[in-house]
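Colleague: Could you walk me through this model, starting with the ligand site?

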Amino acid sequence: MEMLYKSTRGDAGEVTASQAILQGLAPDGGLYVPVKLPTLARTMREMSQMTYRETAYEVLSLFLTDYTEEELKHCIDAAYDEKFDTEVIAPLVQADGAYYLELFHGATIAFKDMALSILPHLMTTAAKKNGIKDEIVILTATSGDTGKAALAGFADVPGTKIIVFYPKNGVSAIQERQMVTQKGDNTSVIGITGNFDDAQTGVKKMFNDTELKKELADKGFRFSSANSINIGRLVPQIVYYTYAYCKLLAEGHIKDGEKIHVTVPTGNFGNILAAYYAKKIGVPIDKLICASNTNKVLFDFFETGRYDRNREFVLTSSPSMDILISSNLERLIYHIAGDDSEVTAKLMKNLTDGGIYDISDSMKEGLKDFASGYATEEDTADAIRTLYEKTGYVIDPHTAVASHVYHEFAKGTRDNVRTVIASTASPFKFARSVMSAIEGKTSNEEDFALIDRLSAIANVALPPAITELRTAPVRHDTVCKTEDMKLTVSRILGL
Ligand SMILES: *Cc1c(COP(=O)(O)O)cnc(C)c1O
């Protein structure tokens, strides 16, 4: 069955998967969604002995139907290889009554690697399929994590270049080191003298600059974006929920058909939306538990049916979840409205105009698949410490938010449903917060000293992504003013 995609905000046109991946955002500003959701061709039992790559093929082939088997297998093989430090790609670790699905074994030790290691290959294949000869230039502003994961994904992928802007004084020392040491002849990393919003605004301006677009086209380039609304990032995330269920089944933790819960530390709503799609295509999932930090705009939404971004933005120890506009929620809104793009467009306009919208009672019915909760900073630190003291297992602050929310949920419902918690970052990436949670006090040691101590107490070897940082030479040292971002891009591309 051919799978086509349409915009959440309009009924204008349907595009193929490869076209949706090339475009990222739909022309009317909406997000691409499948016109009709597929269902898995094989049973969980049949898939229970599959490797990660085989599972990836089962899922991707349902959604990306205009890719040939050979093309998909090529993309999958190029993505899920030795860049991951374990052959199973996404291990499940049982600790204190839950199953932690470790999504941080890729190049940048955070879950964005799961999708960003395959997106470049899906994109260059899409360009070929659609007769596009231009070189793809990925332009990204980052507050730290996404930029590095995109750099690692696109590094040395033929037919692509990637340019990343980050706030020079707005990322952690480790994050900056990760980026400025990035290898790959097609990579550029630039610090700007402004903050993340300045970087983001500058990038958006370039995307909308018609003159620049023309100059690019004349030189055989076209811009593309690697951000999390691209279905080329969303679909690969469905894979690991399917895989996790199959592993639980294969190892006898659940019976065939038994439902599980999934808990996801949520920011932009991409990861949990993938779990929602996993449920819709036939993975036996009961509740999707949405976990927020102090920026609990999603928790409030699930409680009341009102989305309200008008509130204070708080910086937390789980920075990748510090978000007031969860872009991917638009896809859920569309589905619970009964795949109604008119309703979705209206609500999104309310969000743009006043920062607020209310969903109807019938739409609220559609939220039954979800439960939600949030963790304060104290809850987060407690979750890290408690789990460590009980089991010796160490989790990062994002995962700890989910862990707290799950245990509160389980206390409240007293059900015994097996639960998978998406573990989205290695604790080594946030060693300072993790160590202060475990020791109950902040330390003034430098980052690498803390990392070494964490490795010792957790009894986990340092991942290569960290050890390499100590000695990797700096390859990018350009700094520019916010107003010179376009000039810098022109210089890099020789326009
Ligand atoms: C991006 C990120 C999240 C949030 O994921 P969304 O898909 O944006 O909801 C959670 N944890 C970590 C470590 C992340 O990098």
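Colleague: Which residue has a side-chain N or O atom 2.5 Å from an oxygen atom of the ligand?

Modeller: Happy to start there, with a note that this is a predicted model, where local features need pLDDT of at least 70, side-chain atom pairs need 80 or more, and totals for chains, interfaces and linings use all residues. Residues are numbered from 1 along each chain as its sequence is written, and side-chain values use heavy atoms, without hydrogens and water. A polar contact here is a pair of N or O atoms within 3.5 Å. The side chain at 2.5 Å from a ligand oxygen belongs to K112.

Colleague: How much of the ligand's accessible area does the protein cover?

Modeller: Accessible areas come from the Shrake-Rupley method with a 1.4 Å probe. On its own, the ligand has 380 Å² of such area, and the protein covers 96%.

Colleague: Nice! Moving to the strands, in what order do the 3 strands of the open sheet lie?

Modeller: Strands are DSSP E runs of at least two residues, numbered from the N terminus, and two strands pair if DSSP finds at least two bridges between them. The pairing is antiparallel, and the order is β2-β1-β3. The edge strands, each pairing on one side only, are β2 (15–16) and β3 (32–34).

Colleague: Which residue in β3 is the bridge partner of S7?

Modeller: Strand β1 covers residues 4–7 and is joined to β3 by 3 bridges. In β3, S7 has as its bridge partner Y32.

How values were computed:
A polar contact is a pair of N or O atoms within 3.5 Å; within protein, one must be able to donate a hydrogen and the other to accept it, and residues adjacent in sequence count only if both atoms are side-chain atoms. Helices (H or I, at least four residues) and strands (E, at least two) are DSSP runs, numbered from the N terminus.
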